[in-house]
Amino acid sequence: MGTLVEPFSSWFARQGWTPRAHQLDVLAAAQAGDSVLLIAPTGGGKTLAGFLPSLVDLAARPRPGLHTLYVSPLKALAADIARNLARPVADMALDITIATRSGDTKADERRRQREQPPNFLLTTPESLALLISLPEAAAMFATLSAVVIDEVHALAGTKRGDQLALCLARLGTLAPAARRIGLSATVAHRAPLEAYVSPRGVPGAVRLIEVTGGAPPHIDMILPQGRLPWSGHMGLSAAPEILARIRAAGMTIVFVNTRAQAELLFQELWKRNDETLPIAIHHGSLELDQRKRVETAMAEGRLRGVIATSSLDLGIDWGGVDQVLQVGAPKGVSRLLQRVGRSNHRMDEPSRAILVPANRFEVLECEAAILGVAARELDGDPPRPGGLDVLAQHILGVACAGPFLPDDLFAEVRRAAPYAELSRRDFDDALGFVEDGGYALSAYERYRKLFRDSEGRVHVRSERIARQHRMNIGTIVEEPLLKVRLAGRGGGVLGEVEEYFANMLSPGDTFMFAGRLLRFLRIRETTVEAMEGGDGDPAVPAYAGGRMPMTTNLADRVRAMIQDASTWSAFPEPVREWLGLQRKVSRLPGRDDLLVETFPRGDRFFLVAYCFEGRNAHQTLGLLLTRRMQRFGMQPLGFVATDYVLATWSAREPTDVARLFDQDMLGDDLEAWMAESSVLRRTFRNVAVIAGLIERHHPGEKKTRRQVTVNSDLIYDVLRRHQPDHLLLRATRADAAGGLTDVGRIAGMLERIRGRIRHMVLSRVSPLAVPVLLEVGRESVRNQSGDDLLLEEAELVAEAMGEAEPPPFRARVEAPRPRRRSLAPPGQGRLFG
């Protein structure tokens, strides 16, 4: 264990602090030259532990040049750390310079950082990748002594994490003596994080310091007064209870799962906020200045509540947060703990959180998550192998900084944990793709970006290619965004919405954004012009994010609780009644089987499968299932997917249900679907953008979504015809297995339920099927009033409870020929109509 020297021991004493054991252990490891992975709960002083060795070293031997690089997944986190670091540096009068570097850093400041690097540079993975692509990278990083990687658990296994791992491997070549400190929350899979932090990319090569104990969190659940919703995922009916909790506390963060939900909930709370409590909204599509104002107001204690998405998930130490509310299902124990940890932010005192489920299935998930936290059952999948599209982008970045030998770069890349098992074939294919686009594209000059000299060194072809690469660095491919601006003189920019949402608006339509009711006027170039006010029901910005599925561990716990009636005492009375009636009229989903119900209603037959595998997997399963139903003559008409259940409707009664869910679904059916799927094309578009095949940005211009889509579709078709094993098609299939399509999770489910499908043929809708049928209704009657939807809910519930007869079955005289429709918005996977 290390010991603190002056002036640090006196500074700690003046704060009334005693150094924690793990902070001194990290100091000792760093002084021995070891790299460290520190795993500690929120509030354990991880960030100070990461910087303490560098502060001590520079206090003893002040020197110019870059000493410590700090990398965070969030720009706001880097800025927050810079503020917190400045205080001890000023208090102890240390001769240490600190700067942040992100996409928001002004040009003159970026130039100053390159010419005179600060001692501490705090940055993001994207900005680090840009720095590494500069010709002066070797000189800038030559003095580097330490790299601090914050929130490692949030980066490993993502494409941003792949990019950072490759950058770390590059830094290992430029500054081989630099040690690393990885900071992580408590995780389920430690070994992959050890490998991620290790300079060799393997577990066991770093010193693991793990902090156990800490006060367990205190988590409650609240429900709306009166009626417990059957469906829906916004949680607006609980607004009075949420506002009461905000009123009773000093400072509250209200976490939601999507940006659209944040806008809706903020508006609902503001309508009820008669006392004008200072409440704000914070999400990634708001203008930077607005987000900064909210963050500053939080830090200064001027707010009582903030409605936020994952933009505030990670480790910013707001200090004064008294409680956290999670509106909507948490989706995983580890994710819930991350959010709960935003409150109280002190390891020795319990964090306080309240879960607010939006519907009956979410009550089950919330209760399962509370029990999972109590049992310390962390969840989440282990990190997947690194993406080949990210590798291609990195190869070009290295070439932009200077020539390299392929053998040397291959060895370097394999020191990055996500690429430790990278084959030479995949590396050579990635290099070949960057060099000339690959066999199918090599005839086109625009795809030739590298060349080799007589000694085999690889060079970038021109400075123009290098400039374009730097403009397109990054792995986050969002839906193209349009700025929302208030019309009139002095009208400011409020933030951004996705292009497809803006294209759905007509002049005079109202929509809600940045907590305001706006009236749409026009789209002018890349700007949505609007004015405040308007009548009628507003539309809501529909963001593509927020589709995180429930983890496999949490789904398993939910299934187990449903099946075991002895656990039902944890549920509120309406939920116990709901499950009891389901057991009476049908059966309950089992832990290791699949319950499938079929029943007639109106002029169609419904099939409802209780999979609990998440919306992405259910969306893909619905597409595959309806394809099989069509082949077997059942004439499917559509499907809808929620996080818990998949429902299809068809003109003919589904029979031989076990055959529908056979594992061969992932054979020819999957291949045929993938060959024509718009989802796969969308995945390819993202891969092509990351790999640099399609550039979003050029000097003085930015491609529209339509231009990017048309280009990627054309190239996709060319590659499928002429080079089906092209690197980017391989990367697309790998992404599809665990991303938008979640094929890997479907495969696991089909293996688990083989021979265990329980088919219940019913005469009417079952109680558990009511929520998903209400989702069908929401899609089919989108223009109906709220009263109409409530009436439909009442009718369905009465049928399920046996209090009313279902509508008589009316066989179709001639079933319509199914016609393919484009994929509906998230959660409304209507395929035929």
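Predicted model: local features only at pLDDT ≥ 70, side-chain atom pairs only at ≥ 80, totals over all residues.

Two strands count as paired if DSSP finds at least two bridges between them.

## The six-stranded sheet

Let us begin with an open sheet of 6 strands, whose pairing is parallel and whose order is S8-S13-S12-S9-S11-S10. Strand S8 (218-221) and strand S10 (279-282) are at the edges with a single partner strand each, so one side of each has no neighbour in the sheet. From one strand to the next, the twist averages 20 degrees.

Helix H15 (residues 360-374) lies across S8 and S13, and runs at about 165 degrees to S8.

## The five-stranded sheet

Another open sheet has 5 strands in the order S23-S24-S22-S21-S27, and its pairing is mixed. Which strands stand at its edges? They are strand S23 (636-641) and strand S27 (757-761); each has a single partner strand, so one side of each is left without a neighbour in the sheet. On average, neighbouring strands here are turned by 15 degrees against each other, direction ignored.

Within this sheet, strand S22 (residues 604-609) and strand S24 (residues 646-650) run antiparallel, with 5 bridges joining them. Val 608 is placed opposite Ala 647 in S24. Helix H23 (residues 615-631) packs on the sheet and touches S22, S23 and S24. Its direction makes about 170 degrees with that of S23.

## The largest cavity

Now for the empty spaces. Rolling a probe the size of a water molecule over the atoms shows where empty space is left. The structure holds 4 cavities of 30 Å³ or more, and the largest contains about 160 Å³ of space. Its lining is made of 18 residues, and those closest to its centre are Leu 396, Lys 449, Ala 691, Gly 692 and Leu 693.

Which helices supply at least two residues each to this lining? They are helix H16 (388-401), helix H18 (424-436), helix H19 (463-471) and helix H26 (678-691). Sorted by class, the lining of the largest cavity has 11 nonpolar, 5 polar and 2 charged residues.

## The second largest cavity

The second largest cavity has about 90 Å³ of space. Among the residues that line it are Ala 129, Ile 132, Gln 163, Cys 167, His 394 and His 469. Helix H6 (125-132), helix H9 (159-174) and H16 each give two or more residues to this lining. H16 provides the largest share, with 5 residues.

By class, the lining of the second largest cavity has 6 nonpolar, 6 polar and no charged residues. Where does this cavity lie? Domain 1 (8-210) and domain 3 (388-474 + 682-733) both give residues to its lining, so the second largest cavity lies between these domains.

Definitions and conventions
Residues numbered from 1 in each chain as written. Heavy atoms only, no water. 1 Å grid on protein atoms, 1.4 Å probe; cavity = no way out; pocket = protein on both sides within 12 Å on 5 of 7 lines; lining within 4 Å. Points joined across faces, edges and corners; volume = space filled by probe spheres on them. Helix = DSSP H or I, 4+ residues; strand = E, 2+ residues; numbered from the N terminus. Nonpolar A, V, L, I, M, F, W, Y, C, P; charged D, E, K, R; others polar. Domains from an automatic or database assignment. Axes fitted to C-alpha atoms, helices over the stretch in contact; angles between N-to-C directions. Contact = heavy atoms within 4.5 Å.
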